[in-house]
Protein chains: 2
Amino acid sequence: MRERIRHRESRGKVVSAEEAALLFRDGMKVATSGSTMGYPKATFAALAERIKTQGGIKIDLLCAGPLSSEIEDVLVDAGGIRTRIGVVGSEKLRAAVNRGEVRFVEGKGAQMPLQVKRGWFGPVDMVVLEAIGLTSEGNIIPATAVYDSPEWLEVASGVIVEINLNRPMALEGLHDVYQRGADPIPIVGNPLKRIGVPYFSVDPSKIKAIVLSDRSDRPSGEAKPDRMGEAIGEHLLDFFRREIAAGRLSELLPPIELGIGDLAGQVMRKIGSSEFTKFRFQVPVVTDPVLEIVDAGKVDWVSGTALRLSSEAWERFKADLDRYKSCMVLRPVTICNAPEMIQRLGVIAINGCLEMDLQGQVNSSHVLGSKILTGIAGSYDYSRNGLYSIFVGPSTAKGGKISAIVPMVSHVDHTEHDVDILVTEQGLADLRGLDPGERAEMIIGRCAHPDYRGMLSDYLAGAKKESGHIPVALEESSAFHLRLKRFGSMKPS
Amino acid sequence: MRERIRHRESRGKVVSAEEAALLFRDGMKVATSGSTMGYPKATFAALAERIKTQGGIKIDLLCAGPLSSEIEDVLVDAGGIRTRIGVVGSEKLRAAVNRGEVRFVEGKGAQMPLQVKRGWFGPVDMVVLEAIGLTSEGNIIPATAVYDSPEWLEVASGVIVEINLNRPMALEGLHDVYQRGADPIPIVGNPLKRIGVPYFSVDPSKIKAIVLSDRSDRPSGEAKPDRMGEAIGEHLLDFFRREIAAGRLSELLPPIELGIGDLAGQVMRKIGSSEFTKFRFQVPVVTDPVLEIVDAGKVDWVSGTALRLSSEAWERFKADLDRYKSCMVLRPVTICNAPEMIQRLGVIAINGCLEMDLQGQVNSSHVLGSKILTGIAGSYDYSRNGLYSIFVGPSTAKGGKISAIVPMVSHVDHTEHDVDILVTEQGLADLRGLDPGERAEMIIGRCAHPDYRGMLSDYLAGAKKESGHIPVALEESSAFHLRLKRFGSMKPS
């Protein structure tokens with residue numbers, strides 16, 4: 001305890017998770033942070049138990065990123081979430097939102113914590129964070145997530161710190177906590193150079209409870225090999241090589257941002273195993289493939305907001321912590337994903353999506369324009385500000401019944417202005433410098449699955465008959481989606 | 001001539017506009033800059049004459065902002081534009097683009113000149129700029145526009161300088177020319193403090209011709225009084241007062257960005273005539289109403305990229321130049337509209353639009369999803385990065401036959417994530433913190449015209465019957481537009 005809680009006055013605040021759970025009231029706004037690891041586990045489990053037994057408590061849950069099912073689903077099962085603000089991370093929460101049982105207000109990428117600070121969502125009552133300990137002044141030493149923690153600590157009336165004894169104290173120093181003010185973010189060149197402090201500043205009197213926990217994260221598997229990701233990675237590598245040949249890139253690739261999931265993981269592995277070296281990763285969360293490329297000795301630096309590792313990768317990370325720490329920094333999402341950082345570093349933004357259309361618009365979030373999947377999260381900031389904005393995904397889904405290339409997406413998360421390049425396993429469409437008609441033709445020819453090219457070309461031919469700058473036929477633009485709704489397939493019956 | 005061309009070696013380059021026009025070849029990429037004033041007049045007029053006589057020349061015309069009809073329409077009349085890259089400023093160009101006779105590639109706000117610098121649009125052959133003179137080192141002293149000039153001068157192989165003798169040399173010093181690099185933009189606090197130089201740096205050997213001109217701009221009228229703008233301005237003022245009462249704003253309003261046109265002008269006049277003072281305007285272009293509020297002694301500073309004044313206002317400006325200069329600075333659009341500047345200054349972004357939908361999505365650019373009007377221009381940068389992102393417009397058009405509030409916009413320029421507040425003459429919808437169903441109800445109740453509220457509510461009720469996070473009925477989402485196309489009105493026949 002002495003080693004973990006260096007701040008003597010705070011030691012008396014240690015309570016059980018069940019006692020901490022008594023601090024919550026109905027209608028509270030509760031913020032937390034983390035990803036599929038690094039989130040507080042014991043307190044929310046105890047809160048869910050309390051709600052199940054007593055009922056009568058619903059909270060508004062704030063976190064800019066997707067959380068583990070150990071928070072979201074456990075609370076949903078207990079009927080304990082009124083509103084989720086940010087992103088949807090887990091299956092049961094997703095279903096409850098889509099049934100209309102839980103309100104969901106999507107966050108505006110890295111701007112969401114700043115908007116909360118401005119009072120747009122009202123006062124925040126409590127923040128619950130995982131940590132490895134408290135400094136001698138009573139500040140909080142982060143575990144594996146910085147993310148939106150600093151903003152929550154600033155605005156929340158009360159703080160519950162969950163000290164995870166399974167996280168080694170040696171994590172200290174991986175973090176660089178800096179709050180945006182009226183000055184430019186003072187990161188120039190190598191982002192490993194620290195600009196802030198290695199802890200979350202907090203008024204110790206706001207700490208209402210400290211919970212000691214030795215729970216592990218719910219085990220999450222490694223990203224599985226993905227055939228589509230393999231092909232997409234190859235198309236991207238070819239593109240980089242062509243840009244180098246054209247003098248628009250050098251052998252030292254710009255920093256790369258890549259999302260999460262099996263497909264993105266495989267894309268990253270493919271890129272990591274290429275002839276390129278000295279990678280720089282500017283990623284919202286640090287995933288297994290990043291670690292593998294570090295292990296291969298091909299990484300200059302990794303800048304992120306949190307770790308999101310499988311159990312296996314975490315064990316590897318822990319066993320060789322100093323080596324990983326030497327090339328890695330975790331910062332607040334308001335810094336890492338800030339437009340000025342992304343633009344200044346010149347990041348290649350590679351993000352997955354649900355569907356793409358002939359205008360180059362991208363839907364990342366809502367199936368059939370209506371059902372939330374996860375949310376836009378970091379793609380919001382990276383696609384707008386990246387040196388290149390690239391969206392990737394398989395050309396079809398559900399065994400070919402769904403074409404990811406449609407005449408018009410059912411929901412627009414990224415406008416035609418935010419999308420430079422689209423990639424499917426079929427090929428890569430470089431939309432730069434093209435007018436709308438040319439874009440549509442290239443997307444059909446390069447990205448669409450052959451089964452759907454004819455239908456898409458027919459649509460385009462009809463749309464071009466009408467006058468206008470963008471070839472659009474509003475009568476037919478939802479036809480693919482309507483067929484899917486009615487007949488379970490986008491193909492004509 | 002000595003006073004205007006201080007660089008002795010350049011004096012021999014003075015030629016007639018007709019001679020300068022001989023420097024153009026078919027297929028050239030030609031960049032220029034300016035707004036409805038401050039654009040080069042003589043050279044493009046002579047080029048159009050040459051094309052009319054000889055034929056066989058089509059150029060690609062680059063400029064991030066909308067240009068005067070004296071460039072765009074005159075060249076279109078001569079059949080001299082193959083591609084317009086940026087924004088459409090003039091009537092005949094608009095029609096030619098929508099007929100498919102001129103290619104139009106829309107620019108990505110302030111990122112467009114940076115993308116050209118990266119080689120995304122190929123080499124630029126010539127840049128033609130209006131100036132007031134040359135420094136003794138041969139650099140170019142801007143007239144009334146900085147805008148995208150510095151980037152064009154850096155990338156273009158050849159330069160034609162058009163010195164407008166009608167522009168007083170006393171304009172010198174109004175400008176602050178700075179190019180973005182790897183460092184943060186060093187503007188902190190008051191943006192009047194200069195960070196660059198008062199001229200465009202250029203390699204004098206690139207200057208192929210200097211044209212002396214005494215042409216005036218095509219006279220443009222003052223913004224007319226606008227009843228809708230009056231009502232919208234009043235709703236905005238009420239909103240600011242409520243934000244102050246809630247402690248989210250202070251009496252010193254944040255810097256304000258406002259677009260162009262009669263409606264925006266009237267909104268600005270309304271705000272300017274209120275109890276608020278010490279205005280700070282961060283505007284892409286400086287318009288008549290800005291000058292009027294300066295005249296009223298209520299402005300601390302104006303930061304923009306170019307002047308866009310009526311002939312009357314320009315005369316006033318010229319007559320009292322030192323006073324206006326003391327509170328004003330013109331910078332490159334890549335600085336003025338940079339995300340980091342807009343975020344750091346905390347700008348209230350107020351932009352006009354064509355249509356808004358029940359999700360809070362905004363169409364700024366394409367009528368019926370197809371016909372280009374102007375383009376997104378600065379709204380791209382300000383709506384995404386503003387402290388508040390506000391879109392304004394009348395609730396109906398064409399004598400009530402068109403509702404600006406529709407179930408789903410026919411083209412998305414600004415996603416639901418980029419829109420905080422919608423305002424029509426009917427009222428103001430503050431969408432912050434609402435979920436999609438609540439947003440839709442508020443937009444119908446506050447912004448829609450009473451004639452259309454029933455139809456919109458019917459649509460929403462139907463959409464809510466389907467399961468999902470966003471109430472959407474894809475079968476009906478284009479119904480308003482399809483009725484307009486078929487029957488000339490969105491109202492049921």
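This is a predicted model: local features need pLDDT of at least 70, side-chain atom pairs count only at pLDDT 80 or more; totals for chains, interfaces and linings use all residues.

Residues are numbered from 1 along each chain as its sequence is written, chains are lettered from A in the order in which they are written, and side-chain values use heavy atoms, with hydrogens and water left out.

**Stop one: the interface.** Show chains A and B together. Here 70 residues of chain A touch 70 residues of chain B (contact means heavy atoms within 4.5 Å). About 6,000 Å² is buried between the two chains, 48% of it from carbon and sulfur atoms (buried area is the accessible area, 1.4 Å probe, lost on being put together, summed over both parts). Now pick W120(A), R384(A) and H417(A): in chain A they lose the most area to chain B, together 14% of what that side buries.

**Stop two: a sheet in chain B.** Select β18, β17 and β24, which form an open, mixed sheet in the order β18-β17-β24 (strands are DSSP E runs of at least two residues; a pair needs at least two bridges). β18 (362–363) and β24 (405–406) are at the edges with a single partner strand each, so one side of each lacks a neighbour in the sheet. Zoom in on β17 (residues 355–357) of chain B: 2 bridges join this strand to β18(B), running antiparallel. Opposite E355(B) you'll find N363(B).

**Stop three: two helices.** Select residues 288–295 (α9) and 311–319 (α10) of chain B, whose axes come within 10 Å and cross at roughly 40 degrees.

Technical notes
Axes are lines fitted to C-alpha atoms, for helices over the stretch in contact, and angles run from 0 to 180 degrees between N-to-C directions. Helices (H or I, at least four residues) and strands (E, at least two) are DSSP runs, numbered from the N terminus.
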